[in-house]
Amino acid sequence: MLKMAPPTSLHAIAGLLMMRMIIKSYETWNVLKKGSKKEKSKDEGDNGYVLHIFTGGKLTAGTDANVLITLYGEKGESGETKLDNVENNFERNKEDVFNIKAKDLGKLSKIKIGHDNSGAGPAWFLDKVVVDNEEDGATFTFACDRWFAKGQAKGDGTKGSKKEKSKDEGDNGYVLDDEDDNQIIVRDLECTKSTEPTKEKKSKNKNNNNKKGGAKGKKDDIYWW
């Protein structure tokens with residue numbers, strides 16, 4: 001005759017099964033939560049860009065002002081970023097390098113760069129900006145060869161007429177966006193040279209690895225018991 005397990009044993013087994021289901025459910029929830037956070041961070045700003053800022057060699061070309069930049073691409077814009085680090089930046093005849101994070105902007109088309117006209121010597125002569133996309137190796141060059149300044153007309157610090165200060169051409173060309181000294185002095189620079197990507201993006205590699213896994217993914221299926 002088949003003996004039935006005592007009620008207490010059945011209750012214990014049912015309790016263990018229920019506990020296992022709860023633990024598995026919690027683990028699954030954690031995995032999904034981590035995955036969604038990772039995707040969100042990738043979307044919001046996990047693409048690395050290296051900015052090379054070249055200050056020109058003209059007399060008094062360096063600036064003490066705060067320099068700001070925005071990148072624009074086929075997939076959107078980076079938002080305004082203040083360029084700053086532990087170095088003494090934007091000195092005459094110098095290259096400054098900055099690393100920023102932004103969403104994937106695709107192929108870059110232009111940048112907006114300028115300064116807030118602050119400091120003892122805000123006038124700045126920018127030669128060019130080169131942007132490297134760390135994700136795919138593409139490089140974008142934005143030529144400038146212009147002054148960003150107010151209140152003076154020449155790189156040697158001498159004053160000039162309002163007409164001279166306002167013109168936007170030649171060696172003494174300055175950007176004079178507004179008579180208000182608090183106006184940020186900016187330029188929109190179109191991309192003048194670019195190189196094609198030299199490597200696959202990390203996100204693509206990750207997707208390809210998942211696809212290559214094929215049936216192996218079944219081993220990660222979660223069972224309740």
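Asp-84 lies in the loop between E4 and E5, where strands (E, at least two residues) are DSSP runs numbered from the N terminus. This is a predicted model, in which local features need pLDDT of at least 70 and side-chain atom pairs count only at pLDDT 80 or more, while totals for chains, interfaces and linings use all residues. Residues are numbered from 1 along each chain as its sequence is written, and side-chain values use heavy atoms, with hydrogens and water left out. The structure holds four aromatic pairs, two of which are described below.

**Asp-84**

- Asp-84 counts as exposed because its relative accessibility is 52%; exposed means over 50% relative accessible area, buried under 20%, and partly exposed in between (1.4 Å probe, protein chains only).
- Asn-89 and Phe-98 are touched by Asp-84, leaving aside residues up to four places away in sequence; contact means heavy atoms within 4.5 Å.
- Val-67 and Asp-84 are 17 residues apart in sequence, and 8.0 Å separates them in space, C-alpha to C-alpha.

**Aromatic pairs**

- A pair of aromatic rings is described by the distance of the centres and the angle of the planes.
- Rings of Phe, Tyr and Trp (its six-membered ring) pair if their centres lie within 6.5 Å; planes under 30 degrees apart count as stacked, over 60 as edge-to-face and the rest as tilted.
- The structure has four such pairs, and one of them is formed by Phe-90 and Trp-124, edge-to-face at 5.4 Å centre to centre with 65° between the planes.
- Because Phe-90 lies in the loop between strand E4 (81-82) and strand E5 (95-102) and Trp-124 in strand E7 (residues 124-133), this pair ties together parts that are 34 residues apart in sequence.
- Phe-90 is buried at 4% relative accessibility, and Trp-124 is buried at 0%.
- Phe-125 and Trp-147 also form an edge-to-face pair, because their ring centres are 5.2 Å apart and their planes stand at 75°.
- Phe-125 is in strand E7 and Trp-147 in strand E8 (residues 139-148), so the pair ties together parts that are 22 residues apart in sequence.
- Phe-125 is buried, with 4% relative accessibility, and Trp-147 is buried at 0%.
- One aromatic cluster is formed by Phe-90, Phe-98, Trp-124 and Phe-148.

**Charges over rings**

- A charge sits over a ring if NZ of Lys or CZ of Arg is within 6 Å of the ring centre and within 35 degrees of the ring normal.
- The ring of Phe-125 has the charged end of Lys-58 over it, 5.2 Å from the ring centre.
- Tyr-72 has Lys-110 over its face, at 4.8 Å from the ring centre.

Notes
Helix = DSSP H or I, 4+ residues; strand = E, 2+ residues; numbered from the N terminus.
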